[in-house]
Amino acid sequence: MPKPAVPGDQLLLPSLSPGPTQLRLAAGVVLALVVAAALAYPNAEQPFPAGTVLLPAYAAVVLTTESITAALLFAQFSTQRSPALLVLAVGYLFTGLMIVPWALTFPGVFAPDGLLGANLQSTAALAALRRVGFPLSVLAYALMKDRVPETNARSRPIVLGAVAATLAAVLAAAAVAVEVPSVLPRFMVSASETTDLWQAIPAAALVLCGAGLAAFAWRWRRLSVLDLWLVVVLCAWAIETFLLGFAGGGRFSVGWWAGRSYGLAASCVVLVVLMAEITTLYARIVRSMAAERRVREAKLASLEALSAAIAHEVNQPLASMVTNAEAGLRWLNRPAPDLDEAREALACIAKDGHRAARVIEGIRAAFRKSPQARVPLDINTIVQDTLKHARGDLRANRVSVFTEFDGTLPWVNGNPVQLQQVVLNLVANAVDAMGTVTDRARVLRLRSTRQGTGSVLVVVEDSGSGLEPEQEERLFEPFFTTKPNGSGMGLTICQSIIEAHGGRLWMTGNHPHGAVFQFTLPIDQDFVQDSAREGASDGARDGGWNHAAPAAERAR
């Protein structure tokens, strides 16, 4: 029964599907191993002068690589609880540990008859267990791969038990090989020549390798990365077995040493792949954590920007409400209260309160990045209404206002509250910029005109002190401000609103003094189509946000 897919398991080697690159790489490695074996085979019977000098290094490398591989596989088992992984880890551990008594009993390595004083057959018997044991464990892994993992089982006792049992088996095999040599099969004639009985061992190992390859081929479409490289390991093991058992020459020949090199390759392949995939997985985790941290920081920055935007935008209607409230109190505190003026002040307060609510809703909509409620509207009307709201500040700061509106402008499609906030911000910034001007007139100019065939242009000019070049470069950055008590969010919000409407906002210098802010908005295409159908009709239409009539007609 196939085990159910677990999303987290798809990142692990036993469940991760190999990509085309890994398939090609594995095929290339197998091809290279076969070509190298074909080149070594003609000289397999030639003696190799190294003798036993390289065997301690060979044994140390095999012990290290296969022990580390077993440890990594045990770690994979702790995550997935797969019986197949446990069997494979035990196989690697058994093969790695068996190299120790094999090297210690090998004649001529550490002593003429072996460091343990073993019989001539001891080394061959231990080698036979290694030769057959490893492909047997890989075959068992392939056959058990689809078993359902024991998710409720505790992995630590199982791993400790498996390691203890493997170590006990290795010690028992070494003890039998050294202490009871009489029960061992006769595999060796001399220290370098084998008997005919030995040929059964490599033959059995080749059969097990073939069975393992067949098992993997049977489930080819469901191969994991680990399965793919175990196929490469079995191929290397089979080539090693063939060179050691059938290429001739006996011990210390070219074929024998070539086989040992394939043994090193077989012991290193899975370790290298495991380390590479673990490194890749670690890099993914690091990138994921970094991305999560960036998202969290972006959310915090958004919250900070939202709070700053609310404070910045709501301050204007609140200030207007306070001004109107104070004016209303003055009208009421007169000896003869002027109720009409007080009533008008209260009406202005109510209007500013509703405007503050619309401002907050507009800011929320802008930060939601959701579709805005937009209607066809006249940008000239937006600018004129904004000037009415800013009239008190303009008078208090002795600012002269000059307007030049193109009465034939087509309508644009937009959110009236948000666009009004844009114009109000630009006007307020212009008034602030002229607050320190004492040697010339404080002049604010607002113009509207058509730009090209697809957009309208609104221009806000002031005669203030202007900006330094380095300030101009950072003008639209969040939290950058040239005002002592500014929040640095006004122009950022204006830019985001204009860009969300499909337009553009920018700033240039106003020679000889001041600054010029300009923004464009695309023309409402429905208006263009209606105008084309109706021609130059003089029929007046009712005013309002939802009626597509020329600005000149609405102004009548």
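In this predicted model, the side chains of E240 and R260 come together in a salt bridge, with 3.9 Å from N to O. E240 sits in helix 7 and R260 in helix 8, so the pair ties together parts that are 20 residues apart in sequence. Both of these residues, E240 and R260, are buried.

The count of salt bridges comes to nine. Another of them joins the side chains of K145 and D227, at 2.9 Å from N to O. Here K145 is in the loop between helix 4 and helix 5 while D227 is in helix 7, so this bridge ties together parts 82 residues apart in sequence. D227 counts as buried because its relative accessibility is 0%, and K145, with a relative accessible area of 6%, is buried as well. K145 and D227 also belong to a network of salt bridges that takes in D146, R219 and R222. Then there is the bridge between the side chains of R447 and E461, at 3.1 Å from N to O. E461 is buried at 16% relative accessible area, whereas R447, at 29%, is partly exposed.

Now for the nonpolar side chains. The largest nonpolar core has 83 residues, and Y92, W102 and F216 are those with the most contacts inside it. Helices 1 through 8 each supply at least two residues of this core, and helix 7 gives the most, with 16. Beyond its neighbours within four places in sequence, F216 is in contact with several residues, including V138, Y141, L230 and D227. Apart from this core lies another, of 39 residues, with I382, L409, L426 and I493 among them.

Some nonpolar side chains are at the surface too: L31, V35 and L39 form a patch there, with about 310 Å² of accessible area together. V35 belongs to helix 1 and, at 42% relative accessibility, counts as partly exposed.

As for the chain overall, there are 16 helices and seven strands. Buried residues make up 44% of the 556 residues. The accessible surface comes to about 28100 Å², with 61% of that belonging to carbon and sulfur atoms. Among contacts with a separation of 6 or more, 76% are between residues 24 or more positions apart.

How confident is the predictor? The average pLDDT is 79, and 80% of the residues score at least 70. pLDDT stays under 50 over residues 1–9, and is below 50 over residues 536–556.

Definitions and conventions. Residues are numbered from 1 along each chain as its sequence is written. Side-chain values use heavy atoms; hydrogens and water are left out. A nonpolar core is a set of buried Ala, Val, Leu, Ile, Met, Phe, Trp, Tyr and Cys residues joined through side-chain atoms within 4.5 Å. Buried means under 20% relative accessible area, exposed over 50%, partly exposed in between (1.4 Å probe, protein chains only). Helices (H or I, at least four residues) and strands (E, at least two) are DSSP runs, numbered from the N terminus. Contact means heavy atoms within 4.5 Å. pLDDT is the predictor's confidence in each residue, from 0 to 100. Patches are made of residues with over 30% relative accessible area and no salt bridge: like charges are joined within 9 Å, nonpolar side chains (Val, Leu, Ile, Met, Phe, Trp, Tyr) within 5 Å. Accessible areas come from the Shrake-Rupley method with a 1.4 Å probe; for residues, only the protein chains shown count as cover. A salt bridge is a side-chain nitrogen of Lys or Arg within 4 Å of a carboxyl oxygen of Asp or Glu.
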